[in-house]
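Hi,

Here is the structure I promised to send over. Have a look at it first, and then read on for what turned up in it.

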Protein chains: 2
Amino acid sequence: MNITIKDIASIAGVSYSTVSKALNDSSLVKENTKRKIVKIAKDLGYEPNFAAQRLVSKNTKVIGLIWPTIERTVLATLVTKISNEMAKTPYSMILSVDPIQKSLDTFKKFQVDGVILFGENTLTEINPNSIPLISYGVSGKKNYHYPIIDANHMKAMDDAINYLYELGHRNIKYVGNISPTDPLQMEKYQGFTKAMEKYNISYTNEDILDTGGLDWYHGYHAVDKMLKSNHLPTAIVGGSYDISGGIIRSLKENNVHIPDEISVISYDNIPQMAHLEIPLTCIGVSVEELAEKIVHSAITLIETKKLDSEVTKMIPSLVERASCATVRNN
Amino acid sequence: MNITIKDIASIAGVSYSTVSKALNDSSLVKENTKRKIVKIAKDLGYEPNFAAQRLVSKNTKVIGLIWPTIERTVLATLVTKISNEMAKTPYSMILSVDPIQKSLDTFKKFQVDGVILFGENTLTEINPNSIPLISYGVSGKKNYHYPIIDANHMKAMDDAINYLYELGHRNIKYVGNISPTDPLQMEKYQGFTKAMEKYNISYTNEDILDTGGLDWYHGYHAVDKMLKSNHLPTAIVGGSYDISGGIIRSLKENNVHIPDEISVISYDNIPQMAHLEIPLTCIGVSVEELAEKIVHSAITLIETKKLDSEVTKMIPSLVERASCATVRNN
DNA sequence: TTGTACGCGTTATCAG
DNA sequence: CTGATAACGCGTACAA
């Protein structure tokens, strides 16, 4: 078996309750003996038994993250950031990729202090009162019983269009995945059209390019087709990181110069945007901000059991890079 | 506080040790009272206290997976498969994306029964005797103290070349990332050259196309350049899933028909290969097999404390799809 | 077949 | 300042 405080006690010639206090840096024990005990503990390689500690009821300083859909790259970035952010706090994080309920059970067994749920899709009836829980994802219409953090996608699109408008663009196309079953995609799409109307920029169905998917080549394909039809806008709004990668690739292949001949702005505010062939101007809530907000909300919820509002929409920001320019005067 | 076996005992009118036995389906308790107790437990919504259970020393039936580099998509597939495979066993899985040592500490605290390490890169000095551990990744030269599961990349390349050889190909190019700092990439590259020599197929440096990266467009670019130089082989070996995606895209763009005009075989045996523009024939250890092997090795190690060999190289297999054909007789 | 009593490793509450 | 001692919730020899 492992070494316990009793072992330490006996070799230190004190009672184990004293050892416990000493190890917890209690003020109820003389500096002298405290030091002695700590030293012995270190020498013996003592490690407290977590199970025992928790049996006397205490918090674990661990937060669980439920992440059933690990294959989406964008979320991987977010998870990394969250992990980094968490590392700055006294908390650590464990993940589960199992289905929500099973993950929840596991976490409950381990008595994590709280859980973060990446609930892109379904919000099943989960027990809200059993354990502090916040969720990141689309704030659907369903009735939820826990705080939700989400990005304001509509606002993001508005900002994008506004930005392009200021640059003089009046001929703008949206290239993204128009999937009625995916609330996130729909919100971006609707954000686009709404913004276009707001800024009084005319557009038709032809200006909405449905990629039919979220991958690199979906964006590539869509733009390729567009180029062949000779309907060149002055600016493109890309629906996501991967899609935009395909967009600029296709543009480059066809010798359409960015940003001189065409401007491109992309949704998704992640650092990788800077490392594409052309550093891409983008719009969205930055993953860093998102991560920060998520972990601090979680911790606040854990420690105060109360959060300001039930659903927070994060404000997006626009990061200017090298892919947009004022429209040329012909 | 939560409800305990004592509560159940008192309302059932028995001692709590009886309850304990009943709940563990012991044969030492009459069927009748057992049923009664179980029912009460269920009615009361009793949930055993995990910490207490583990305090009396028992295994957790949980395996920890350390995965510091979550951003690599291929591994995401593997993790998913592992999770699924694990679900078939009595074990469940939790992940940590923290640095290895920190992850290990966390898992040790939670007393997981064993850990799986995705140690692509560094194998720091980790305590081998403290907790059953197996690793997946490149079997480097470093001295390790734990079982390693790896894929036999050399063999995979050999199989690929052999396959193409049988189809009559004598003009084969390798398109992959030649990165001296990445052991995995080097092993694939060397596997290619070695196999070419073995089958007596002549090749020059021109036949090794260094993509300079692992992404989609790296493969795209390399092939595009190749096509412009008019050095067309009869077959291409793609170095990885993403790269191959770019390869076939480029080929298609340039109206080089697969497989009539050129055959393509790719490294990485993952199901997604079937969903590319052209269902790709591929080579490598299938993720399913890999996942299966990994979880069963882990469990074996946990339950018997002994594994057959220290490092197992998984045998790759070739999956025929629509991207290879016999070379045309001109 | 059921109950008693002890131990698992810690923390916390009291007395000294 | 230090040391007993009682929890915490459960499993398990040992008794009954």
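A word on terms before the tour: a residue is called buried under 20% relative accessible area, exposed over 50%, and partly exposed in between (1.4 Å probe, protein chains only). Please keep in mind that this is a predicted model, in which local features need pLDDT of at least 70 and side-chain atom pairs count only at pLDDT 80 or more, while totals for chains, interfaces and linings use all residues. Residues are numbered from 1 along each chain as its sequence is written, chains are lettered from A and ligands numbered from 1 in the order in which they are written, and side-chain values use heavy atoms, with hydrogens and water left out.

Let me start with the two chains.

Next, the interior. A nonpolar core here is a set of buried Ala, Val, Leu, Ile, Met, Phe, Trp, Tyr and Cys residues joined through side-chain atoms within 4.5 Å. The largest one has 153 residues, and those with the most contacts inside it are Leu78, Phe118 and Leu251 of chain A together with Leu78, Phe118 and Leu251 of chain B. Another core, of 30 residues, lies apart from it; Phe50(A), Ile100(A), Ile100(B) and Val115(B) are among its members. Not counting residues up to four places away in sequence, Leu251(B) touches Val223(B), Leu227(B), Ile236(B), Val256(B), Ile258(B), Ile262(B) and Val264(B).

Ile116(B) is also worth a click. It sits in strand β3 (residues 114-118) of chain B; helices (H or I, at least four residues) and strands (E, at least two) are DSSP runs, numbered from the N terminus. Ile116(B) has a relative accessible area of 0%, so it is buried. Leaving aside neighbours within four places in sequence, its contacts include Ile63(B), Leu65(B), Met86(B), Ile134(B) and Ala298(B). The C-alpha atom of Ile116(B) is 5.8 Å from that of Leu133(B), 17 residues away along the chain.

Now the charges. Side chains of opposite charge can pair when their charged atoms come close. A salt bridge is a side-chain nitrogen of Lys or Arg within 4 Å of a carboxyl oxygen of Asp or Glu, and the structure holds 28 of them over all chains.

- Asp158(B) and Lys198(B) meet at 3.1 Å, N to O. This pair links distant parts of the chain, with Asp158(B) in helix α7 (residues 153-166) and Lys198(B) in helix α8 (residues 183-198), 40 residues apart. Asp158(B) is buried at 16% relative accessible area, whereas Lys198(B) counts as exposed at 53%.
- Lys228(A) and Asp224(A) meet at 2.8 Å, N to O. Both lie in helix α9 (residues 216-228) of chain A, four residues apart, about one turn of the helix. Lys228(A) is exposed at 65% relative accessibility, and Asp224(A) is buried at 9%.
- Glu253(B) and Arg249(B) have their closest N and O atoms 2.4 Å apart. Glu253(B) is partly exposed at 26% relative accessibility, while Arg249(B) is buried at 4%.

There is also a network of salt bridges that links Asp25(A), Glu31(A), Lys34(A) and Arg35(A).

Finally, some backbone details. A cis peptide bond joins Ile258(A) and Pro259(A), with omega about 5°, and another joins Ile258(B) and Pro259(B), also with omega about 5°. Asn200(A) has a positive phi of about 60° although it is not a glycine; it is exposed, at 70% relative accessible area.

Happy browsing!

Definitions and conventions
Contact = heavy atoms within 4.5 Å.
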